[in-house]
Amino acid sequence: MGYTIAQKIIKSHLISGEMTAGKEIALKIDQTLTQDATGTMAYLEFETMGLKRVKTEKSVAYIDHNTLQSGFENADDHRYIQSVAEKHGIYFSRPGNGICHQVHLERFGIPGKTLIGSDSHTPTGGGIGMLAMGAGGLDVAVAMGGGAYYITMPKMYKVNLTGKLKPFVSAKDISLEILRILSVKGGVGAIIEWGGEGIKTLSVPERATITNMGTELGCTTSIFPSDDITRQFLKAQGREKDFVELQSDADAVYDKTIEINLDTLVPLIACPHSPDNVVEVSSLKGTKVDQVCIGSCTNSSLLDMLKVAALLKGKTIKPSVSLSVSPGSKQVLTMLSDCQALGDILASGARLLECTCGPCIGMGFSPNSAGVSLRTFNRNFEGRSGTADAGVYLVSPETAVAAALTGEITDPRLLGEMPKINMPDSFKINDTAVLDPETEELCEKVDILRGPNIKPFPSSKKVSDNLCAKVSLKVGDNITTDHIMPAGAKILPYRSNIPHLSQFCFGVCDKKFPERAKALGESIVVGGINYGQGSSREHAALVPMYLGVRAVITKSFARIHVANLINAGIMPLTFKNPDDYEKIAEGDSLELRNIYESMDNGEAVLKNITNGEEIPLLCEFTDRQKSILKAGGLLAFTKEN
């Protein structure tokens, strides 16, 4: 039996475990990336380990999230990260150089290498054939120190593309189509490989859009072959030497195969408040639009921006619409300026924002009250934009431009003829905004610079053999990390200050949760299906841990969040019978006894003291995960070992 692309990379990086779906494996990690919203905590964790230098082939710290500096907090974090990077052998991408995934794809990604990043959209690297995965900051810190990255061996899904995209239909529509087919939980436990004759029509930026959005499926990662199209992209970046051909074997076996005919695909749109709430753009014809945002790590490449510029050229956006454009990197912005496409964008009435994540994480450019915002981003979770009652829709750049020009949701095929886009044979290379670390000989002289907002990493408790606690919160299905630990300009500056950050925990669901959890001392949270989907932010585990949450019981979890809960010393447990979710109410007193024995058996019995119900739970952990929980989290476990 042959291997898939992902299986080949896993096999060449396997440290321990069996390549059998459902079994735990340990992987050697070649590269890591962090961004500033998660990076400060990751580097505090790395420092706690007491290591002098990173041991990866390349680690890069990006500043791309918290660039709105309305106080000292973000600037202090950037200064801290820069000093840590200089001291410990990490490359530092300065503010303004671009979004981590776009820049990493351009300048550092290598086919066949493993990459983990403290950002859930790290799978963008799959667009050039990397095994690229999002992870919690603590997992990234361990990998930087030379430790293995542990995951459950995924199943293998294959998406075969046939045909060719029609004008005004783009890679974003392919992403929305697979979300329509599989849903936001349809990829959990799987790696999605993209293949078929149709991929030969897709450039690397288009492939990267698809692998980026694969995160919204809940999959471990997505990956494309590394082929002649990959070679051309790397050559244009002056990196042809990094090219490695990667293809799946002809007799590779997949757990599921999906067929998508590009010839029949039409412009699609994801409606509020989930990326899988997908319909055809034409079905929403005439819906008034207040705001349009073009950019983010999903659609901010030079190809995307040139399409936007060509469609806006000589035209003016509707007075009722506010349009922002955020190029993904300094390279993209510079080349737009050099070819005068930037002038076409600005002449239309668009506002140019920094080469950062910006509005995607609620860092500025929030919509008006109850506003309708069309965005070329990857997430439209409730409140994520910074405006609680906004309706956020996910669209392609073509559909975004159509809305900006007409003032309403409009099928972009009505704009006329699609302009021809000519991509350059080579990109403008200028890496001066990426700072090299100090040499190992001189690193001792580098001082770490800490601001007053940076607080120590919070300590967690060891899991005891018995737990009796009340339910501090009960929530429904598809609770995202934005529900648990919101983003946005008002909150993100406190990512390195867990005590202050804790007052916002679950604020989207229940603003009284932090106060209630503190009063209880120890508590349990109950949730529905796909709990913890979305971002890789470990703060969605660290903050509940700080507030005394000792266990989370759900119908099912998202992959990264399970790992983050265990790393924080919180037990993730699932209902053996999902209907038993109805047998627990907020405020109920719950009891778990003989937890260590239950971990070994893989099952536990939860007693609801309030109503007398006995509820069977699954507590299926690997030996390593059991040891982490008993030690009180991954940091304590790593110190012990």
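Which residue in β2 is the bridge partner of G17? In this predicted model, the residue is I25.

Strand β2, residues 24-27, pairs with β1 in the antiparallel sense, over 3 bridges. Both belong to an open sheet of 3 strands, ordered β1-β2-β8 and paired antiparallel. The edges are formed by β1 (14-17) and β8 (149-152); each has a single partner strand, so one side of each is left without a neighbour in the sheet. From one strand to the next, the twist averages 25°. Helix α1, residues 5-13, lies across β1 and β2 and runs at about 90° to β1.

I turn now to the aromatic rings. The model holds 5 aromatic pairs. In one of them, W194 and F224 have ring centres 6.0 Å apart and planes at 10°, so this pair is stacked. W194 is in strand β10 (residues 190-195), while F224 is in the loop between β11 (221-223) and α8 (228-236); the pair therefore ties together parts that are 30 residues apart in sequence. W194 is buried, at 1% relative accessibility, and F224 is buried as well, at 0%.

Another of these pairs joins Y531 and F557. Their ring centres are 5.9 Å apart, and because their planes stand at 85°, the pair is edge-to-face. Y531 belongs to the loop between β22 (523-526) and α16 (539-546), and F557 to the loop between β23 (549-554) and α17 (559-567), so parts 26 residues apart in sequence are tied together. Y531 is buried, with a relative accessible area of 2%; F557 is buried too, at 11%.

The charged end of K58 sits over the ring of Y91, 4.3 Å from its centre. Likewise, K474 lies over the face of Y581, at 4.0 Å from the ring centre.

Finally, I come to the backbone. Most residues other than glycine have a negative phi, and most peptide bonds are trans. A cis peptide bond, with omega of about 0°, joins P272 and H273; H273 is in the loop between β13 (268-270) and β14 (278-280). F365 has a positive phi, near 55°, and is found in the loop between β17 (351-352) and β18 (372-375). N594 also has a positive phi, of about 55°, and lies in the loop between β25 (589-592) and α18 (595-601).

Are these two residues buried or exposed? F365 is buried, with a relative accessible area of 13%, whereas N594 counts as partly exposed, at 41%.

Definitions and conventions:
Residues are numbered from 1 along each chain as its sequence is written. This is a predicted model: local features need pLDDT of at least 70, side-chain atom pairs count only at pLDDT 80 or more; totals for chains, interfaces and linings use all residues. Side-chain values use heavy atoms; hydrogens and water are left out. Helices (H or I, at least four residues) and strands (E, at least two) are DSSP runs, numbered from the N terminus. Buried means under 20% relative accessible area, exposed over 50%, partly exposed in between (1.4 Å probe, protein chains only). Two strands pair if DSSP finds at least two bridges between them. Axes are lines fitted to C-alpha atoms, for helices over the stretch in contact, and angles run from 0 to 180 degrees between N-to-C directions. Contact means heavy atoms within 4.5 Å. Rings of Phe, Tyr and Trp (its six-membered ring) pair if their centres lie within 6.5 Å; planes under 30 degrees apart count as stacked, over 60 as edge-to-face and the rest as tilted. A charge sits over a ring if NZ of Lys or CZ of Arg is within 6 Å of the ring centre and within 35 degrees of the ring normal.
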